[in-house]
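Q: I have a model open and want to learn to read it. Where do we begin?

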Amino acid sequence: MSSRILIIGACGQIGSELTYKLREIHGSENVIASDISYNNLEVVNSGIFEIVDAQDYSSILICVEKHKIDTIYLMAAMLSATGEKYPMKAWDLNMNSLFHVLNLAKAKYISKVFWPSSIAVFGPTTPKDNTPQHTVMEPTTVYGITKQVGERWCEYYYDKYGVDVRSIRYPGIISWKTMPGGGTTDYAVEIYHKAITDGQYESFLSENTELPMMFMDDAIDATIKLMDAPANSLSIRSSYNLAAMSFTPKEIAKEIQKHIKDFIITYNPDFRQQIADSWPKSIDDSYARKDWGWDHQFDLEKMSSEMLLQLEKKYTTSKK
Ligand code: AKB
């Protein structure tokens, strides 16, 4: 029998692409997309869509019962930059939604949960290079605090109640279909759009700020691999470190210039610089590679070619 899947936060950057991929694998009728509003019409019109408020237990439960859901991907969250502007809202959204889904699993309405964590769980006291799976974690953003606390609760629900919850610490995710919103790594998506539309980009991070990043196809592949892995192969029930590449604004600009010769980058760091400075430069993801066979496909060069090709097509079609 195919899984019956609910994606909460399906209109967002990762949720939207996860919806498309899971529908390819499990069939459109088995994958229900949901969000708080109809803010991504491509997703809304692509299959079954429900309005679900991630902060309202009964809103999720009604949808779970109506569609006989057994697996939830909880993709709704407030990210690092927006979280600093609205600390209590970030805390409420990120924590309430997680508790609701974990409690649904504890009460056996569903049997499996995916919940994304982030490199934001790390802080200024964490070793910056090749950051290990188990290390000092003193996050300084509200978003990072919610992710670190969330990881502890995931492990707790697994240990105490046998809840099959699985998680990845995503690095910055780069994609061309849906824009990210409110993150510190968003510059690495904006830069490709601006390269095509304006031939220039003003970076809100300084030129040598190195951060761990990943192309969307790899992020989706990792998520599905982790969810498909046999439960007894998983040694981490908090959240897995995951890596593909690391680069700086200067390095990504250089790569873009190979395709768009006259592309210009300027730097005007804002409050997000401090957030980026608190995060690792690179990640050791050997547990993910050993436990469930993780391997990335995209480096900076391959990702840049794909981003520019797809965005070029997208902007040309939208002009017609
Ligand atoms: C952010 O920048 O807040 C996110 C993340 C690294 O989790 N992209």
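A: Begin with a definition. A salt bridge is a side-chain nitrogen of Lys or Arg within 4 Å of a carboxyl oxygen of Asp or Glu. Keep in mind that this is a predicted model.

Q: Are Asp 164 and Arg 166 buried or exposed?

A: Both Asp 164 and Arg 166 are buried. Buried means under 20% relative accessible area.

Q: Which residues pair in other salt bridges, such as the one with Asp 270?

A: Asp 270 pairs with Arg 272. Their closest N and O atoms are 2.6 Å apart. Another case is Asp 295 with Arg 289, at 3.1 Å from N to O.

Q: Which residues do salt bridges with shared partners join into one network?

A: That network is made of Asp 164, Arg 166 and Arg 237.

Q: Why does Arg 272 count as buried?

A: Arg 272 counts as buried because its relative accessibility is 19%.

Q: Now the surface. Which residues form a nonpolar patch there?

A: For a patch, residues need over 30% relative accessible area and no salt bridge. Here Tyr 38, Leu 41 and Ile 51 form a nonpolar patch on the surface. Together they have about 330 Å² of accessible area.

Q: Where is Ile 51 found?

A: Ile 51 is in strand β3, residues 49-51. Ile 51 is partly exposed because its relative accessible area is 38%.

Q: Last, helix packing. At what angle do the axes of α3 and α5 cross?

A: Read the axes, then the angle. Helix α3 spans residues 57-66 and helix α5 spans residues 87-106. Their axes come within 10 Å and cross at roughly 45°.

Q: Why are α3 and α5 called oblique to each other?

A: Angles under 35 degrees count as roughly parallel, and 65 to 115 as roughly perpendicular. The crossing angle is roughly 45°, so α3 and α5 are oblique to each other.

Q: Is the crossing of α3 and α5 left-handed or right-handed?

A: The α3 and α5 crossing is right-handed.

Notes
Residues numbered from 1 in each chain as written. Predicted model: local features only at pLDDT ≥ 70, side-chain atom pairs only at ≥ 80, totals over all residues. Heavy atoms only, no water. Patch = residues over 30% accessible without salt bridge, like charges linked within 9 Å, V, L, I, M, F, W, Y side chains within 5 Å. Areas by Shrake-Rupley, 256 points an atom, 1.4 Å probe, with all protein chains shown as cover. Helix = DSSP H or I, 4+ residues; strand = E, 2+ residues; numbered from the N terminus. Buried < 20%, exposed > 50% of the residue type's maximum accessible area, 1.4 Å probe, protein only. Axes fitted to C-alpha atoms, helices over the stretch in contact; angles between N-to-C directions. Parallel < 35°, antiparallel > 145°, perpendicular 65-115°, else oblique. Left-handed = near helix turned anticlockwise from the far one by under 90°.
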